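Q: I have a structure open and would like to talk it through before I set anything up. Can we go over it together?

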Amino acid sequence: MKGIIEVEGEPEWLEILRRVFVERPEDRRSRAKVYLTQGRFVVEIEADDLTALRASVNAYLRLIRACVETLEVMEYG
């Protein structure tokens, strides 16, 4: 099973997201590739089963949201 998350945004923000996610440890039931391409932050997740895929997608989306909200506060106050 495979899921892909793509986020568009400011290049500086995308680089910060990449750094956060590259250093994130993976669990045994799912694996993720994280990279920047054509102005997008991309997370490709592969999992052994649907439950693991759903959990990983949810975890990455929550982390992306937290990072974006933090960056917005830092930039706009």
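A: What follows is a conversation about confidence, the sheet, the core and the salt bridges.

Q: OK, what is the mean pLDDT of the chain?

A: This is a predicted model, and the mean pLDDT of the chain is 83, with 92% of its residues at 70 or more.

Q: And where is confidence lowest, and where is it highest?

A: Confidence is lowest in helix 1, residues 11-22, where the mean is 77, and it is highest in strand 3, where the mean is 89.

Q: How many bridges join strand 1 to strand 3?

A: Seven bridges join these two strands, which run antiparallel, strand 3 being residues 40-47.

Q: New topic, the core: which residues of the largest one touch the most other members?

A: The largest nonpolar core has 15 residues, and Ile5, Phe21, Phe41 and Val43 are the ones that touch the most other members. At least two residues of this core come from each of strand 1, helix 1, strand 3 and helix 2, and helix 2 gives the most, with five residues.

Q: What is Val43 in contact with, leaving aside its neighbours within four places in sequence?

A: With those neighbours left aside, Val43 is in contact with Gly3, Ile4, Ile5, Ala32, Lys33, Val34 and Tyr60.

Q: Charges next, then. How many salt bridges does a search of the whole structure find?

A: The search finds six salt bridges. One of them is between the side chains of Arg40 and Glu6, at 2.4 Å from N to O, and this pair links distant parts of the chain, since Arg40 is in strand 3 and Glu6 is in strand 1, 34 residues apart.

Q: Which residue forms a salt bridge with Asp48?

A: Arg31 does, with the closest N and O atoms 3.3 Å apart. Asp48 is in the loop between strand 3 and helix 2 while Arg31 is in strand 2, so the pair ties together parts that are 17 residues apart in sequence. Arg31 itself is partly exposed, with a relative accessible area of 38%.

Q: And where do Arg65 and Glu69 lie?

A: Both lie in helix 2, four residues apart, which is about one turn of the helix, and their side chains meet in a salt bridge at 3.0 Å from N to O. Arg65 is exposed, with a relative accessible area of 57%, whereas Glu69 counts as partly exposed at 39% relative accessibility.

Methods: Residues are numbered from 1 along each chain as its sequence is written. This is a predicted model: local features need pLDDT of at least 70, side-chain atom pairs count only at pLDDT 80 or more; totals for chains, interfaces and linings use all residues. Side-chain values use heavy atoms; hydrogens and water are left out. Two strands pair if DSSP finds at least two bridges between them. pLDDT is the predictor's confidence in each residue, from 0 to 100. A salt bridge is a side-chain nitrogen of Lys or Arg within 4 Å of a carboxyl oxygen of Asp or Glu. Buried means under 20% relative accessible area, exposed over 50%, partly exposed in between (1.4 Å probe, protein chains only). A nonpolar core is a set of buried Ala, Val, Leu, Ile, Met, Phe, Trp, Tyr and Cys residues joined through side-chain atoms within 4.5 Å. Contact means heavy atoms within 4.5 Å.
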